[in-house]
Amino acid sequence: MPTKPEIQGTAHAPKHRAPDEVLVSMQDVEVYFQLRGGSMARLLGMDTGSVRAVDGISLDLRKGEVLGLVGESGSGKTTLGRALLGLVAATGGEIRYAGQDITKLSTRHLRRLRGDLQMVFQDPSAALNPSMTIETAVGHPLKIHGLASGEELHRRVADALERVGLSPPERFMFKYPGDLSGGQKQRAVLARAVILDPVLLVADEPVSMLDMSVRAKILQLMLDLKRDLDLTYVYITHDLASAKFFCDRVAIMYLGRVVEVGRTEEIFADPKHPYTRSLLKAIPEPDPEKALPRDLPRGEIPDAASPPLGCAFHPRCPEAFDMCGWERRDLRALIEAHWTRHEALDFETERGTIANLDDLDEPSHEAVVAAGRSSSPVDVEDLLHRIREEDADEPLWRGVEDMTLTDGGVRVRFHDGADPRLRPAGGVEVACHLYPEVEPAAGEGPAS
Amino acid sequence: MNDRMEPVVSVRDLRVWYGTERGAVRAVDGVSFDLLPGETLGLVGESGCGKSTLGRGLLGMLPEGAQTDGEIRFKGENLRTVSRSRLRDMRGPELGMIFQEPLTRLNPLMRISEHFEEALRAHTPGISKDTVERAALEVLGLMGIPPTRYRSYPHEFSGGMRQRLMIGLALVFRPAFVVADEPTTALDVLVEAQIIRILHDLRREFDTSLLLITHNLGIIAEACDRVAVMYAGKIVEVGEARQVFRDPQHPYTRELLRSTISLSTTGLNYIPGAPPDLTDPPPGCHFHPRCPDAMRVCEELDPIDQELSGGQRVECWLHGPDHLIGVDGRDRLRVREELSVADEA
Ligand SMILES: Nc1ncnc2c1ncn2[C@@H]1O[C@H](COP(=O)(O)OP(=O)(O)O)[C@@H](O)[C@H]1O
Ligand SMILES: Nc1ncnc2c1ncn2[C@@H]1O[C@H](COP(=O)(O)OP(=O)(O)O)[C@@H](O)[C@H]1O
Ligand code: SF4
Ligand SMILES: [Mg+2]
Ligand SMILES: [Mg+2]
């Protein structure tokens, strides 16, 4: 990176320590979406399962802080943000704000809270009605809450536009969203979000759709608004770099869970969870000296409707070990990866060794790899041994308790594993078996 | 890279414009560069600066109504002027394109095997299923897709797997030249890193020259040999990627780097204003209204392509040539009036 001399257009974020007053307290928040399934499945009354978009999250949001929710898509960030505002119903847990549990409030009571709690979405074009002028759009919340009309409404819209830098306001009021650039639209969205003088702003990827050269301007505006209006932010992003700059604390999310949470400086200086470490390694940095990382997690985020057993990150985790929840589906992935690495010819000869890989699709800590029609259980065992020899460091083998020959194939039993709960480690909290859960010291535990 | 190597693609003074009611949009406005065998050239710039138009223009994939001028020399032919049917024959075996959104390019009713069969048969009629399968499985293996998935349908794949598939379909012919337009922009960071890794390793496995279009400077730094920085239809700086990142010579490159939020960001910087309307770009250097270093000459004369000692090429009056800059030419332009939000991108 070139050095950064101070020229115009430069500003620094005021990073102040967050005070400790809790504004919103989340306890074991769950948002499960019921899967519809096919009409046949419903007719037959079959259990079509659910997506655990948010799966037991406990977090405190402190007054005046910027809390980052960071993770790849599908990790539940948007759903948690919406649940915070009562825009989606939590199916479990509590969200306490101002002495009330948001998850239990009626629509009417929620509407009353709308002034305090606001959300800004990723796509400013979708957030603004294309046939409404900026004045109408920004003034809309005042109007529907019956808080202002006529001259007063006009004046407050002008003030809000001025506040977000759309100045002079007359220049923007009568325009339509289509006349504005991406950055200007996001400014208008922010003006509408702050016009009711909220306490909390949930900003869901507010700069992700904007060009690099505009992102910094909108983030600067958000910092200014926060300072001037005494706001608290939840900043949702998949971009670790902006989270590092913008947040006081970050919660790293994976498949509906928080896997690591703590002060931003601590998480970035000493990331503990293997997922956090991988994310940091994977960010392409505009630094010519940084080489491409070699040891990236394999695969992609699994289906949230059927998450991995044990630690949800274990199939991709470079550091996983016996406790992490190894299972049948991992064995399938291992065999497929072996064939991927080899010549098509090896696949031709080996594919018949195994009867049917689809047998390995159900989650279970035990697997029977059945031999194909023209092969024997010993052939299957040989294949598994060959795969093991190819890469003895493969973490999956750490989870194998034993492999035994059966009549039709090879039985593989995995360690039962466990689902790691969030536990303190250093100055942060992390959900990973690499960090032992501290037993409560004698005398501190509940009396038996 | 070897200096004596013959370029695979040689672009000279390429222009592409779209006719609109407001006048011609000069999306590519006199672009010249070379691409060596096996080389990856990154193309970076703010949105709307003409990257996609340039990429499509090189492969003759522009929409109806776009007009072109200049030369795209590829293996002794000018791609800009060859016939449509000649281009169609070259696409696949010689030229490949990878897009941002793979799903829109795959047929949901066709198995992966059928995609490969269709693609290969179009150029080698009568090729056997087995030959197709062997070629396909080899390239899929390099992309990290298991052979067991060969008969699956596109919707059975994740986003990252689909992009690997698209890359595999483009590379199965081992084309000499591929354009990839924002291939990872829709993907998550870990999957993006995997795909960048694959693209980076291309040059070892295939001898493909790649034009990698992205707005992400980090990707350029990690995956490209050289970088071309585009602004308002022009390439304003091109050079060895490390060199350009370490020591950018064009003020736009420097400001773009400074405004990028990275893990080492400690303060927010930005480029004031917005890129110009390409129907009516500012006179002289198109960047002068936003440039902190602008001089009088910058608003009067088009900058001239200069080769610097390090091999970098840059179009900026700061680098001369001195004999064309008049007496007061190096005077700083009036202190720029604050560019207000009214002009923001
Ligand atoms: N309305 C919905 N119905 C069913 N599933 C949903 C719904 N909204 C989100 N999901 C699922 O919940 C998970 C989390 O989604 P989301 O909160 O959007 O994650 P993120 O914002 O981190 O990308 C995903 O698997 C997504 O498909
Ligand atoms: N089909 C088209 N008709 C008219 N103008 C177009 C068309 N496609 C692109 N443009 C314009 O050409 C310019 C360059 O666009 P594009 O090549 O897509 O840039 P980039 O890929 O860098 O974002 C923009 O001003 C865009 O609006
Ligand atoms: S518990 Fe920790 S070590 Fe185990 S898989 Fe999860 S992240 Fe990796
Ligand atoms: Mg989201
Ligand atoms: Mg583009």
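This is a predicted model: local features need pLDDT of at least 70, side-chain atom pairs count only at pLDDT 80 or more; totals for chains, interfaces and linings use all residues.
A residue counts as buried when its relative accessible area is under 20%. Gly60(B) follows the helix and has a positive phi, near 65°.

Helix 1 of chain B spans residues 51-58. The helix lies across strand 1 (9-20), strand 2 and strand 4 of chain B. Its direction makes an angle of about 65° with strand 2 of chain B. These strands belong to an open sheet of four strands in chain B, with the order 2-1-4-5. The pairing in this sheet is antiparallel. Strand 2 (23-35) and strand 5 of chain B form the edges. Each has a single partner strand, so one side of each is left without a neighbour in the sheet.

Strand 4 and strand 5 of chain B run antiparallel and are joined by two bridges. Arg73(B) has Asn78(B), in strand 5 of chain B, as its bridge partner. Lys75(B) sits in the loop between strand 4 (66-74) and strand 5 (77-78) of chain B. Phi of Lys75(B) is positive, near 45°, although the residue is not a glycine. Lys75(B) is exposed, because its relative accessibility is 53% and the cut-off for exposed is over 50%.

Chain A holds an open sheet of eight strands. Their order is 7-8-9-4-10-11-16-15, and the pairing is mixed. Strand 7 (117-120) and strand 15 (423-425) of chain A are the edge strands, each pairing on one side only. From one strand to the next, the twist averages 20°. Strand 8 (residues 200-204) and strand 9 of chain A run parallel and share five bridges. Leu200(A) stands opposite Thr232(A), which is in strand 9 of chain A.

Two helices that pack on this sheet can be described together. Helix 2 (residues 77-84) of chain A touches strand 4 (66-70), strand 7, strand 8, strand 9 and strand 10 of chain A. The direction of helix 2 makes about 155° with that of strand 9 of chain A. Helix 9 of chain A touches strand 4, strand 8 and strand 9 of chain A. For helix 9, the angle with strand 9 of chain A is about 160°.

Where does Asp230(A) lie? The residue is in the loop between helix 9 (212-229) and strand 9 (232-237) of chain A. Asp230(A) is not a glycine, yet has a positive phi of about 60°. Asp230(A) is exposed, with a relative accessible area of 56%.

Arg249(A) is in strand 10 (residues 249-254) of chain A. Is this residue, Arg249(A), buried or exposed? Arg249(A) counts as buried, because its relative accessibility is 9% and the cut-off for buried is under 20%. Arg249(A) and Gly68(A) are 181 residues apart in sequence. In space, their C-alpha atoms are 6.2 Å apart. Beyond the residues up to four places away in sequence, Arg249(A) touches several others, among them Asp60(A), Arg62(A), Glu65(A) and Gly68(A). The contacts of Arg249(A) also include Val261(A), Gly262(A), Arg263(A) and Thr264(A).

In chain A, the bond from Ser167(A) to Pro168(A) is cis, with omega near 0°. Pro168(A) lies in the loop between helix 6 (150-163) and helix 7 (170-173) of chain A. In chain B, a cis bond joins Gly320(B) and Pro321(B), with omega about 5°. Pro321(B) is in the segment after strand 13 (313-315) of chain B. Most peptide bonds are trans, and most residues other than glycine have a negative phi.

The two chains meet in an interface where 70 residues of chain A are in contact with 64 residues of chain B. The area buried between chain A and chain B is about 5,900 Å². Carbon and sulfur atoms give 58% of that area. On the side of chain A, Met212(A), Leu292(A) and Glu300(A) supply 12% of the area buried against chain B. This is more than any other three residues supply.

Ligand 3 is surrounded by 13 residues. The closest are Cys311(A), Cys317(A), Cys324(A), Cys432(A) and His433(A). The shell around ligand 3 has nine nonpolar, three polar and one charged residues.

Definitions and conventions:
Residues are numbered from 1 along each chain as its sequence is written. Chains are lettered from A and ligands numbered from 1 in the order in which they are written. Side-chain values use heavy atoms; hydrogens and water are left out. Buried means under 20% relative accessible area, exposed over 50%, partly exposed in between (1.4 Å probe, protein chains only). A residue is near a molecule or strand if one of its heavy atoms lies within 4 Å of it. Ala, Val, Leu, Ile, Met, Phe, Trp, Tyr, Cys and Pro count as nonpolar, Asp, Glu, Lys and Arg as charged, and the others, Gly among them, as polar. Two strands pair if DSSP finds at least two bridges between them. Contact means heavy atoms within 4.5 Å. Axes are lines fitted to C-alpha atoms, for helices over the stretch in contact, and angles run from 0 to 180 degrees between N-to-C directions. Buried area is the accessible area (1.4 Å probe) that two parts lose on being put together, summed over both.
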